[in-house]
Structure formats: structure tokens, C-alpha cells
Amino acid sequence: MPIDRKALVQRHNPTHNGSFDPMSPFSVGNGDFAVTVDGSGLQTMWHEPLPSLTMANAAWHSFTPERPSLRLKEYDANGRSVGYMSDPSGQEEAFTILRHNPHKANLAKIGFTHPAFDDSNALFEAIGDLTQTLDLYEGTITSTYTLLEEPVHVQTFVHPTKAVLCVSISSPLLTTGLGVEFAFPYPSVELSASDWNEESKHTSILTDHTIIRVVDDLSYSLTVHSEENTTLVQKAPHRFLLMSEAATLTLSVAFDFFDTPTQNFPFSLALKENRSHWVHFWETGAAISFNTTVTRAFELERRIILSLYLLAIQSLGSFPSAETGLTVNSWYGKFHLEMHPFHALFAPFWGKGELLKRSLWYYQSIRESAQKRAQEQGYEGLRWPKMTDQTAVTPH
């Protein structure tokens with residue numbers, strides 16, 4: 001008997017009912033670009049240690065162009081001395097530079113604002129009657145709640161192949177001051193990938209509905225497309241406010257990293273392509289349904305479904321995945337190649353080998369440095385690095 005895959009997947013849709021757990025936020029993504037949101041359906045609240053971030057495999061930042069050399073620490077390997085970049089003693093500054101740079105950056109904080117509230121956290125705390133569901137089968141987050149005694153409905157998703165965040169908002173509050181704020185931090189090596197205290201170290205320039213960002217060696221832009229008439233104004237050096245007089249607002253927020261221009265995808269087209277992508281993801285390849293109410297079996301099924309979804313949006317991009325994918329900046333957003341099989345090797349076993357192939361080019365790109373590393377340590381063949389980045393320069 002065929003498995004009803006839609007029913008299998010959707011019975012495990014995670015939901016927030018009545019309140020939002022900031023340590024269990026929902027994310028949407030495509031493997032190379034991911035957005036995590038709070039109960040508002042956007043990134044209204046700022047919560048440590050797990051803030052809602054906008055992350056991309058293309059967004060690497062270095063606070064210095066310096067790439068110092070390290071003195072190696074020698075280890076005995078079966079009677080042979082082998083040097084490793086593992087000891088910071090006496091070279092702490094150089095070690096830290098290589099360890100921290102480059103690192104991932106939080107591209108933007110996109111959340112609600114309203115003149116009735118002093119800040120976005122106060123607005124978030126005023127949300128009531130929350131119901132938020134992540135529809136795994138369609139890759140969308142639906143958030144419904146009340147604010148100032150008015151209903152708010154938000155739908156959030158990411159285009160399946162482009163760095164485009166799509167949001168649909170419906171509320172009478174849009175006609176009375178509810179707006180969408182775009183705020184930009186300076187990148188940080190911390191888990192949040194964000195430093196809100198360094199306004200002078202980066203620039204944000206508004207041109208029509210495009211915000212151009214220049215942050216040391218990282219440059220990108222954010223363009224806001226809407227089916228309604230909107231105004232986007234700059235309120236502070238790195239804060240911008242989008243307003244609409246209509247009771248509905250549909251947005252396609254496209255991030256452009258210049259070497260890979262992002263095409264404008266109208267909301268309706270992006271929604272169609274997103275649904276098609278996720279239906280194909282779930283309806284092809286392998287599936288397991290235990291079709292039972294036995295608690296342990298049901299829990300195993302739930303973990304399988306959630307793992308497939310999370311790994312697809314966080315870890316099956318064009319680079320090996322970081323430890324926490326594109327959720328937060330653990331280990332500076334760098335990837336650990338010994339973990340790549342854990343993050344991605346499941347794909348071919350589930351009939352999704354094409355998703356694994358997206359990142360395999362990376363090994364060919366660093367082949368020369370891997371061969372040199374092996375030779376320096378007296379090994380034949382290739383020696384892949386451990387914690388590393390797109391350049392394969394690493395202190396490990």
C-alpha cells in the first residue's frame with residue numbers, strides 16, 4: 001500500500017500554540033540561504049543566546065585581510081615528527097586571526113515595528129493568541145496572532161534556489177502604522193554573528209527600494225519587491241522602515257552578492273516554485289511510515305521527518321555545512337569536514353543524491369592545498385583540513 005506522504009510529513013508539523021519558545025524557533029531555507037523567525041513570523045524579537053538570523057553560504061566576512069603564518073607544534077606519529085597548527089602559545093594574535101577569519105555574517109534583522117511600542121521587543125511581548133505552524137510539506141511558516149486587539153496573519157518562506165525571503169502580511173494594523181524594519185549589524189565572530197555597537201565600521205546606502213551594504217571585504221545588497229505601493233525610508237545609519245497603506249503586504253526580499261545576481265521573483269511565482277520544490281522533495285526518494293500510535297515508533301518517525309527537513313534547509317547547500325548549519329554562527333560559521341558525512345551523506349541513501357552533489361565540488365577546489373598539506377606532514381595523497389572555510393586556510 002503506498003504511503004500517503006503528505007499526511008506522513010504534516011502530522012509532524014511543529015507548532016507554537018499560545019506562546020513562543022525562543023529556544024525552538026522555526027526556519028525556512030534552501031541549503032545556501034536560511035532565515036529563522038520568531039513568533040511574529042519575522043525577526044521582531046532579539047533573544048540571546050539564540051537570536052533569529054538571516055544567513056547565507058555566500059556571506060563571509062573578515063575583520064582583517066591579514067593571513068599570518070603559524071609556528072607548528074610537533075607531534076610524534078609512529079616515530080615521525082609531524083607539525084600541526086594547534087598551539088597558540090606565543091602566537092596568540094596570529095592564531096586568533098586565522099581562527100576567526102573569515103566568519104559568517106548576519107545579513108539582516110527583519111521585523112515588525114509600530115509607533116505604539118518603544119522597541120521591537122516590547123511589540124513582540126504584546127502579541128497574543130499566537131498560533132504558528134511550520135508546514136514541512138510546503139516549506140512555509142504561518143503565524144496568526146493579535147496585536148493591539150487586531151488580527152495579524154503572516155506567511156513566510158524562502159525561494160527554493162535563490163537568496164529571496166518571501167513574506168505575506170495581512171492586518172488592519174498595516175493602515176495604522178505597522179511597518180517592517182530592516183536593521184543591519186556589524187558582523188561578529190560570536191554565536192549571534194551580530195555586533196550592534198559598531199555603527200561606524202560599515203555602511204548602509206538606500207537607493208529607491210535597494211539597500212547597499214559594504215562591510216569591510218563583504219558587499220551585498222537587499223532589494224525589497226512588493227505587489228503594493230510601499231515606501232522605504234532610512235531612520236538611522238543602519239535601520240530602514242518599509243510602510244504600506246494597504247491592509248495586505250506581499251514582499252520578496254532579494255539578497256544579491258554581486259557575483260551571483262539575484263533575480264526578482266514575484267511573490268506569487270516564488271510561492272508556486274517553493275511549493276513545487278517541497279512537494280518534489282517529499283514525494284520522491286525513500287520514505288518510512290510506521291503507521292502506529294506506539295509512542296517510541298511515532299517519535300522515531302517524527303525525528304526522521306524533522307531531520308530530513310532541517311538538513312535540507314541548513315546543510316545541503318553548495319558548501320559543506322557548518323556545525324549548526326545556517327541557524328547561528330557556531331565555530332564562526334566555518335565547516336568541519338569530518339562532520340560533512342554526518343550532515344549530508346544521508347542524502348543518497350534517501351534517494352536525494354543530487355543534493356549531496358551540490359557541495360562535492362569544494363574538495364576539488366582545495367585539492368592542491370590538501371595535497372600540499374599531506375606532503376608537508378609526510379603523508380601520501382590528500383589531507384583534508386578540519387575546521388575551515390571556503391579558502392581552506394585553518395589553524396586546525
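The axes are lines fitted to C-alpha atoms, for helices over the stretch in contact, and the angles run from 0 to 180 degrees between N-to-C directions.

**Entry 1: the model.** I am working on a predicted model, where local features need pLDDT of at least 70 and side-chain atom pairs count only at pLDDT 80 or more, while totals for chains, interfaces and linings use all residues. Residues are numbered from 1 along each chain as its sequence is written, and side-chain values use heavy atoms, with hydrogens and water left out.

**Entry 2: α4 against α5.** I took helices (H or I, at least four residues) and strands (E, at least two) as DSSP runs, numbered from the N terminus. The axes of α4 (residues 267-283) and α5 come within 12 Å and cross at roughly 130°. The two helices are therefore oblique to each other. I noted the crossing of α4 past α5 as right-handed; the convention is clockwise for right-handed, and left-handed if the near helix is turned anticlockwise from the far one by less than a right angle. On the α4 side the contact (heavy atoms within 4.5 Å) is made by W278, F281 and W282, and on the α5 side by I305, L308, Y309, A312 and I313. I sorted these residues into 8 nonpolar, no polar and no charged. For that sorting, Ala, Val, Leu, Ile, Met, Phe, Trp, Tyr, Cys and Pro count as nonpolar, Asp, Glu, Lys and Arg as charged, and the others, Gly among them, as polar.

**Entry 3: N329.** I found N329 in the loop between α5 (295-314) and β21 (335-336). Is N329 buried or exposed? N329 counts as buried because its relative accessibility is 1%; buried means under 20% relative accessible area, exposed over 50%, and partly exposed in between (1.4 Å probe, protein chains only). Its side chain reaches the backbone oxygen of S188 at 3.2 Å. Leaving out residues up to four places away in sequence, I listed M55, H103, K104, S188, V189, E190, L191 and A193 as touching N329.

**Entry 4: cis peptide bonds.** I looked up the bond between E48 and P49, which is cis with omega about 10°. P49 sits in the loop between β3 (33-37) and β4 (54-56). The bond joining N101 and P102 is also a cis peptide, with omega about -10°. P102 belongs to the loop between α2 (92-100) and β8 (103-104).

**Entry 5: positive phi.** E149 is not a glycine, yet its phi is positive at about 65°. I placed E149 in the loop between β11 (140-147) and β12 (150-158), and E149 is exposed, with a relative accessible area of 80%. D216, another residue other than glycine, has a positive phi near 55°. D216 lies in the loop between β16 (210-215) and β17 (218-226) and is partly exposed at 39% relative accessible area.

**Entry 6: sequence against space.** How many residues apart in sequence are E376 and Y84? I read 292 residues in sequence and 10.0 Å in space, C-alpha to C-alpha. E376 is in helix α9 (residues 367-376) and is exposed, with a relative accessible area of 57%. I then took R302 and T210, which are 92 residues apart in sequence and 41 Å apart in space, C-alpha to C-alpha. R302 lies in helix α5 and is partly exposed, at 31% relative accessible area.

Key. Polar contact = N/O pair within 3.5 Å; in protein donor to acceptor, adjacent residues only side chain to side chain. Parallel < 35°, antiparallel > 145°, perpendicular 65-115°, else oblique.
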